[in-house]
Amino acid sequence: MQKNTKILVVDDDSGIGEMLKTLLEFYGYEVIVTEKPLLAEELIQQENIDIVLLDMLISGVDGTDVCAGIRKNPEIEKTPVLMMSALHDAGPKCKDAGANDFIAKPFEVEDLTEKIEKILAAQNE
């Protein structure tokens, strides 16, 4: 794992956001959590985010729109996005929106960190 990988978690369920922050920090990541998807692009730039963990269903906003917005922003378009959802058929929609990968909720932390590392490794190839 690279040192100080910065992850932005975008989830409107603060309980899930905080839980992911605690778990991922245990694995040595630096984690920023926001419940406001519209702030995601700004935070990616301000905080120099390495990867975004984005929930697909966020109150009032479709996570795939947030992902597509990141892909359209030339300053952050290369930032990896790992989307998550409890909807099992959501994977293809998330990939269509530009997500690097998708993980179905609920997931094991090991599976999540494995996907994160895989995406980051691919970025550095």
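Angles between axes under 35 degrees count as roughly parallel, those over 145 as roughly antiparallel, those from 65 to 115 as roughly perpendicular, and the rest as oblique. The structure described here is a predicted model, in which local features need pLDDT of at least 70 and side-chain atom pairs count only at pLDDT 80 or more, whereas totals for chains, interfaces and linings use all residues. Residues are numbered from 1 along each chain as its sequence is written, and side-chain values use heavy atoms, with hydrogens and water left out.

Helices (DSSP runs of H or I, at least four residues) and strands (runs of E, at least two) are numbered from the N terminus. Helix α1 (residues 14-26) packs against helix α5 (residues 109-123) at an angle of about 70°, and their axes are 11 Å apart; the axes are lines fitted to C-alpha atoms, for helices over the stretch in contact, and angles run from 0 to 180 degrees between N-to-C directions. The two helices, α1 and α5, are therefore roughly perpendicular to each other. Their contact (heavy atoms within 4.5 Å) is made by Leu 20, Leu 23 and Leu 24 of α1 together with Val 109, Leu 112, Thr 113 and Ile 116 of α5. Of the residues in this contact of α1 with α5, six are nonpolar, one is polar and none is charged.

The strands form an open sheet of five, in the order β2-β1-β3-β6-β7, with parallel pairing, where two strands pair if DSSP finds at least two bridges between them. The edge strands, each of which pairs on one side only, are β2 (30-34) and β7 (101-104), and the twist from one strand to the next averages 20°. At one end of this order, strand β1 (residues 6-10) runs parallel to β2 and is joined to β2 by five bridges; Lys 6 has Glu 30 of β2 as its bridge partner, and Val 9 stands opposite Val 33 in β2. Helix α2 (residues 40-47) packs on the sheet, where α2 touches β1, β2 and β3 (51-55), and the direction of α2 makes about 165° with that of β1. Helix α3 (residues 63-72) also packs on the sheet, touching β3 and β6 (81-85), with its direction at about 175° to that of β6.

Strands β6 and β7 run parallel and are joined by four bridges, with Ser 85 standing opposite Ala 104 in β7.

Most residues other than glycine have a negative phi, and most peptide bonds are trans. In the loop between α2 and β3 lies Asn 48, whose phi is near 55°, a positive value in a residue other than glycine. Pro 106 is placed in the loop between β7 and α5, and the peptide bond from Lys 105 to Pro 106 is cis, with omega near -10°.

Notes:
Ala, Val, Leu, Ile, Met, Phe, Trp, Tyr, Cys and Pro count as nonpolar, Asp, Glu, Lys and Arg as charged, and the others, Gly among them, as polar.
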